[in-house]
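Please keep the structure in view while reading.

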Amino acid sequence: MATLGRVCASSRVRWAGGRALESVASAFGRAVAAHREAVSHVEAARARLRDRSAGDGVSAQSREEAQRFAARMQRLAEGLTPGWLGCRLDGPAADLPTGVDAALGRPMPIRLGDTTPVAGSGFSVVAPFVGAGHLAIDSDARDPAVARWLRGVLLRVLAALPEGVLQVAAVDGATLGTVFGPFREMVEAEAWPRPTIDLPGFQQVLAEAEERIERAQGGESDPSVLLVCVAAMPEGAGRREWSRLSAIAHAGPAAGVFLLLAGYPPPQHPGGLNAAPRLEGTTALTASNGGVFTVSDPPGQHRFSSDDSGLAVPVRLDAGPPDTLVEAVCRRLAKSARVQTATDFTMLMPNEIWQQSSIDGLRTVVGREGRTECVLALDDATPHWLVGGRTGSGKTVFLLDVLYGLASRYSPDELSLYLLDFKEGVSFAEFTPTVVDPSWIPHAHTVGIESDREYGLAVLRTLSREMTRRATELKRAGVTKLADLRTGRPDVAMPRLLAVIDEFHVLFEGNDVVAQQAVALLEELARKGRSYGVHLILASQTISGVEALFTKTDSIFGQFPLRVALAGGGGVLDQLNDGADNLPIGGAVINSAAGIPGANRVIRFPNADAGSVATQRHLLWSARRPGGAPPMVFAGYAEQHPDQDPTFVALTPDVRRRRALVGRTVAVGLPTAGFTLDATPGSHLAVLGTSPVGADVLYAATASLARQYAPGTARFLIAPLVAAADEASDATVEAIAAAGHPYETISAAQLRARLAELAQPTASDGGPTTHLVIFGADVASSLLAASDPTTYRSGHDELRDVLANGPTHGVHLLGWWRSVSRFSSDLGPTGGNEVACLVALNLPSNEVGSLVGDYASEWQSRPNRALLIDRHDNRHALIVPYVRPGTLDQIDEYA
Ligand SMILES: Nc1ncnc2c1ncn2[C@@H]1O[C@H](COP(=O)(O)OP(=O)(O)OP(=O)(O)O)[C@@H](O)[C@H]1O
């Protein structure tokens with residue numbers, strides 16, 4: 001009875017008493033009063049006991065009193081722990097309603113077990129938990145009784161709190177997560193993350209709790225509870241982790257973070273100096289003999305003892321629930337959790353578009369972490385992101401989620417997009433107008449689909465130039481930060497620029513000049529971008545792709561603190577971080593500490609279904625500024641037809657210098673490619689290569705020139721020498737006729753005579769400019785080789801004279817040679833230097849090397865591409881040569 005007496009005399013158990021519906025505070029008040037009353041009875045019983053001989057047991061009267069007292073205590077405990085908080089955890093409990101016995105912001109008293117101070121007179125032991133403090137038990141869940149008890153406490157909390165409020169970060173360092181097995185429905189519904197079983201996972205849980213505390217300290221409110229539930233400390237956990245737990249115990253309650261720890265404090269080695277720290281605000285259960293536990297004083301001012309000795313009677317732990325009960329409750333809750341954790345594209349979009357300012361950075365919701373929205377930023381702390389995921393992991397979808405989220409929050413004055421995709425596919429087609437849908441995303445500045453590396457380089461150069469321009473603006477304004485400039489000069493449009501490069505590693509393939517320049521530019525953008533509002537998101541599907549960047553330059557990766565690993569995308573994380581190993585499609589690891597283990601957050605991102613994406617695009621498109629231009633699109637696979645090129649279509653005789661147009665340059669905005677043909681020596685055009693595209697290029701060059709002369713002021717001699725060029729030469733004739741110029745079609749046999757005429761210095765003097773257009777010039781080679789028996793001049797001599805002197809007298813040659821060797825031999829020992837304008841089609845690199853005088857040429861022949869070589873100004877450019885519709889299809893047929 002002495003024991004019981006001490007318990008009662010010193011007890012100030014504020015949480016004992018009250019009806020379920022009353023506020024906990026007033027219930028505590030009533031409980032305290034009840035205890036005070038009980039104390040006087042017990043003191044009296046003590047006095048009676050002292051009158052009797054010591055050790056002869058408890059008198060009938062005092063036993064009766066003890067029983068009365070225990071019964072009263074039990075009633076008080078029951079009042080404090082309504083429903084799930086104190087019920088017997090057996091089958092019938094399954095019928096109790098969930099979500100009604102506790103509320104956020106109120107301390108939650110919970111039943112831990114019971115005690116029987118005197119035979120036949122037991123009562124429940126209750127301690128304050130979530131909302132008021134933490135629980136720790138020194139045995140870990142390898143003891144089955146502890147494992148069951150832990151499940152019981154967890155179940156009580158889960159079933160008592162309103163649905164969706166509790167987040168659980170479970171750690172099981174001893175039984176591979178078995179302890180939490182019956183709760184698996186919650187994991188499968190993604191309401192709870194999978195229990196973590198090792199030290200890095202545990203550290204990650206701690207980091208998550210710390211981040212949450214930091215966020216709360218920063219003023220962010222989070223209407224949920226995070227319960228860190230450790231069934232056993234993982235191997236290797238030590239002082240560092242204990243200290244972190246201790247800090248969390250201190251600061252957690254104010255941020256809604258609570259601890260339920262088994263195996264804490266860990267056993268101390270004999271003589272060990274480093275005991276685990278005592279955790280603040282924690283009710284500690286300590287194993288004692290006979291399978292019972294002593295209970296420390298709980299947190300708060302109402303304590304079991306006046307001398308910190310805790311509850312004076314030992315506690316038998318609750319036996320815990322049968323698995324079937326846990327499963328039944330979890331099934332019920334998981335069902336609604338599934339609805340709550342479901343993510344869809346619209347959930348990422350703001351209620352109203354274009355309400356945010358990007359002065360301090362860009363932020364958008366990218367998915368959910370459990371029930372919480374996951375917001376990621378492109379700002380000073382995380383200026384650039386690296387995204388990894390094997391093919392099919394949802395990388396495109398993730399990027400669409402991010403880009404549509406940003407484009408919906410920030411107006412085009414706040415954000416401008418440069419999108420580059422190197423793979424086959426249509427990832428970024430969602431941003432551009434198409435034949436079936438004329439809408440586009442007004443923020444999209446350039447969009448490259450199936451881009452060439454050279455195009456990528458051009459985009460990077462554009463960004464670099466813009467960065468330099470901004471640096472100058474900043475200097476001029478006397479400020480160092482973009483934010484200061486924008487605040488001070490609201491009139492200056494300076495949106496944040498975001499470049500997204502999918503399959504960026506393609507840029508580095510080949511280790512050639514393009515790769516070197518790409519690395520240098522990326523490094524510059526990554527290093528300086530943050531200061532000038534330029535951000536990069538680089539995505540790759542291969543680990544080697546990511547490694548390529550590592551090996552190119554070590555320093556660049558420090559600039560990408562935010563890593564996003566989708567399924568199979570662990571390459572963007574630290575080598576020791578296997579967080580992305582078992583991700584499902586639609587899952588992602590977010591790591592803002594450059595991928596180190598222990599800093600992972602696992603999120604779900606929604607599918608970007610075509611219907612929702614189109615709806616959002618139309619919304620943004622309709623809100624664009626009137627007259628806003630669509631993005632500059634470069635689709636690597638697209639044919640370039642002259643009559644679709646606005647520059648070609650707009651050609652008139654009213655030009656200063658006439659240009660023979662041959663295609664579109666692979667660069668931002670696809671500038672029209674061509675050569676000036678004037679009186680400068682060498683003003684002739686040779687198209688080289690067996691590809692039938694050669695005939696089309698010649699057609700386009702001739703037709704473009706024809707448009708630049710007033711009707712009747714130019715003359716054309718057309719020599720269609722090969723069947724493959726028949727259609728193109730017919731089209732050329734039509735174009736010339738349409739422009740109102742005289743023309744003549746000549747045969748191979750007539751060619752020589754015409755060359756002889758044109759070789760005369762006065763051939764075109766004073767008359768219209770003459771263009772000799774030869775389709776398949778190589779065919780004439782042998783005819784031209786023969787010498788005239790009277791003059792001893794060969795056709796080649798005539799040709800070379802035309803080339804050497806023609807431009808000065810208004811004669812230009814435009815020819816398609818299918819073979820470079822024929823071209824060279826036709827032009828003679830000067831190696832063809834008289835022809836300054838060349839278009840190389842499907843030529844091997846050594847032949848291109850011989851033309852440009854650089855035998856280490858990196859030219860790679862590929863369909864729908866040509867190399868423009870202008871010897872006048874030593875210019876080389878990758879171009880998409882003009883074709884007439886259908887030409888490329890024919891090539892495919894031949895292939
Ligand atoms: N969050 C998600 N939820 C459901 N389905 C998804 C999700 N993300 C992607 N998917 C589906 O997975 C498939 C592949 O997605 P996606 O095209 O984005 O992959 P990817 O990684 O870009 O692949 P690739 O590199 O081969 O283009 C698509 O059919 C898409 O609908």
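Lys395 is buried, because 26 other C-beta atoms lie within 10 Å of its own; a residue is called buried if 20 or more other C-beta atoms, placed from the backbone, lie within 10 Å of its own. This lysine is placed in helix 10, helices being DSSP runs (H or I, at least four residues) and strands likewise (E, at least two), numbered from the N terminus. Beyond its neighbours within four places in sequence, Lys395 is in contact with Val387, Gly389, Ala539, Gln541 and Leu566; contact requires C-beta atoms, placed from the backbone, within 7 Å.

The model is predicted: local features need pLDDT of at least 70, side-chain atom pairs count only at pLDDT 80 or more, and totals for chains, interfaces and linings use all residues. Residues are numbered from 1 along each chain as its sequence is written.

Gly389 lies in the loop between strand 12 (385-388) and helix 10 (395-409). Gly389 is buried as well, with 27 other C-beta atoms within 10 Å. Its contacts, sequence neighbours within four places aside, include Gly394, Lys395, Gln541 and Leu566.

Around the ligand stand 15 residues, the closest being Thr391, Gly394, Lys395, Thr396 and Gly586; a residue counts as near if its C-beta atom, placed from the backbone, lies within 6 Å.

Elsewhere, the largest nonpolar core has 164 residues, and Val662, Leu688, Leu698 and Ala840 have the most contacts inside it. Such a core is a set of buried Ala, Val, Leu, Ile, Met, Phe, Trp, Tyr and Cys residues joined through C-beta atoms within 7 Å. Helix 17 (residues 693-707) supplies the largest share of this core, ten residues.

Conventions. Buried ≥ 20, exposed ≤ 12 C-beta atoms within 10 Å, placed from the backbone. Contact = placed C-beta atoms within 7 Å.
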